[in-house]
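Here is a short tour of one protein model, meant to be read with the viewer open. Please load the coordinates and follow along as each site comes up.

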Amino acid sequence: MKKAILISILVGTIFSGGGVASAREPSVQQQLQPILNEMMTAARAHDTDRFMAVYLHQPGLVFVFDGKVIHGWDELREQQLQWWRHGKTDVVYTQNGPVEFMRLSREAVVTTQTMSSRRKLPDGKVCTGSFVVTDVWQKLPQGWRIVYAHESWAH
């Protein structure tokens, strides 16, 4: 009977994607939340290079923003510099609620965040908006990296 219980536990652990090593591994939320926190700090500072440090630094990176598809880290970096006016924007970001995590495999995770922004327009009026950010993360030898991202305004 003890043997049958032990085999049942072992088989259940193997098929659930776990194992002895993964029982000690931090959850995907524990792994990614500090990275997301750092990204938010960098975004609030309008520091493009710090913010984009966790994006895949390759041409294969895909970023979609309100119908525009941007390919590659270099192109996205140039666009982000423009969006933040080379660090001179006054936009303030706020996260609205907790980040949602969906683990696709040991090496792939999707995160979804609802956000809001507030900035002053050139005419002095304050502009606010809400948007949703969805990132696909891949665990690579250098750590978790965003390989695909989509942002859209919530209307």
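## Ground rules and a strand end

Contact here means heavy atoms within 4.5 Å. This is a predicted model, in which local features need pLDDT of at least 70 and side-chain atom pairs count only at pLDDT 80 or more, while totals for chains, interfaces and linings use all residues. Residues are numbered from 1 along each chain as its sequence is written, and side-chain values use heavy atoms, with hydrogens and water left out.

Let us begin with Glu100, which sits in strand 4 (residues 100–105); helices (H or I, at least four residues) and strands (E, at least two) are DSSP runs, numbered from the N terminus. Leaving aside neighbours within four places in sequence, Glu100 is in contact with Val110, Thr111 and Thr112. Is Glu100 buried or exposed? Glu100 is exposed, because its relative accessible area is 55%, and the cut-offs are under 20% for buried, over 50% for exposed and partly exposed in between (1.4 Å probe, protein chains only).

Most residues other than glycine have a negative phi. His46, although not a glycine, has a positive phi of about 60°, and His86 has a positive value near 55°.

His46 belongs to the loop between helix 3 (28–44) and helix 4 (48–51), and it counts as buried because its relative accessibility is 11%. His86 is found in the loop between helix 5 (73–83) and strand 3 (92–95); at 55% relative accessibility, His86 counts as exposed.

Gln80 lies in helix 5 and is buried, at 7% relative accessibility. Beyond its neighbours within four places in sequence, Gln80 touches Thr48, Phe51 and Met52 as contacts.

The structure holds eight aromatic pairs (rings of Phe, Tyr and Trp, the last by its six-membered ring, with centres within 6.5 Å; planes under 30 degrees apart count as stacked, over 60 as edge-to-face and the rest as tilted). Phe63 and Trp83 make a tilted pair, 6.0 Å centre to centre with 45° between the planes. This pair links distant parts of the chain, Phe63 being in strand 1 (residues 62–65) and Trp83 in helix 5, 20 residues apart. Phe63 is buried at 1% relative accessible area, whereas Trp83 is partly exposed at 26%.

Trp83 also pairs with Phe65: the ring centres are 5.0 Å apart and the planes are at 55°, so this pair is tilted. Phe65 in strand 1 and Trp83 in helix 5 are 18 residues apart, and their pair again links distant parts of the chain. Phe65 is partly exposed, with 22% relative accessibility. Ring pairs join Phe51, Tyr55, Phe63, Phe65, Trp83, Trp84, Tyr93, Phe131 and Trp153 into a cluster.

## The largest pocket

The largest pocket has a volume of about 430 Å³. On a 1 Å grid over the protein atoms alone, a pocket is an open set of points where a 1.4 Å probe fits, with protein on both sides within 12 Å along at least five of seven lines, and lining residues have an atom within 4 Å of a point. Points are joined across faces, edges and corners, and the volume is the space filled by probe spheres set on them.

By class, the lining has 14 nonpolar, two polar and three charged residues (Ala, Val, Leu, Ile, Met, Phe, Trp, Tyr, Cys and Pro are nonpolar, Asp, Glu, Lys and Arg charged, and the others, Gly among them, polar).
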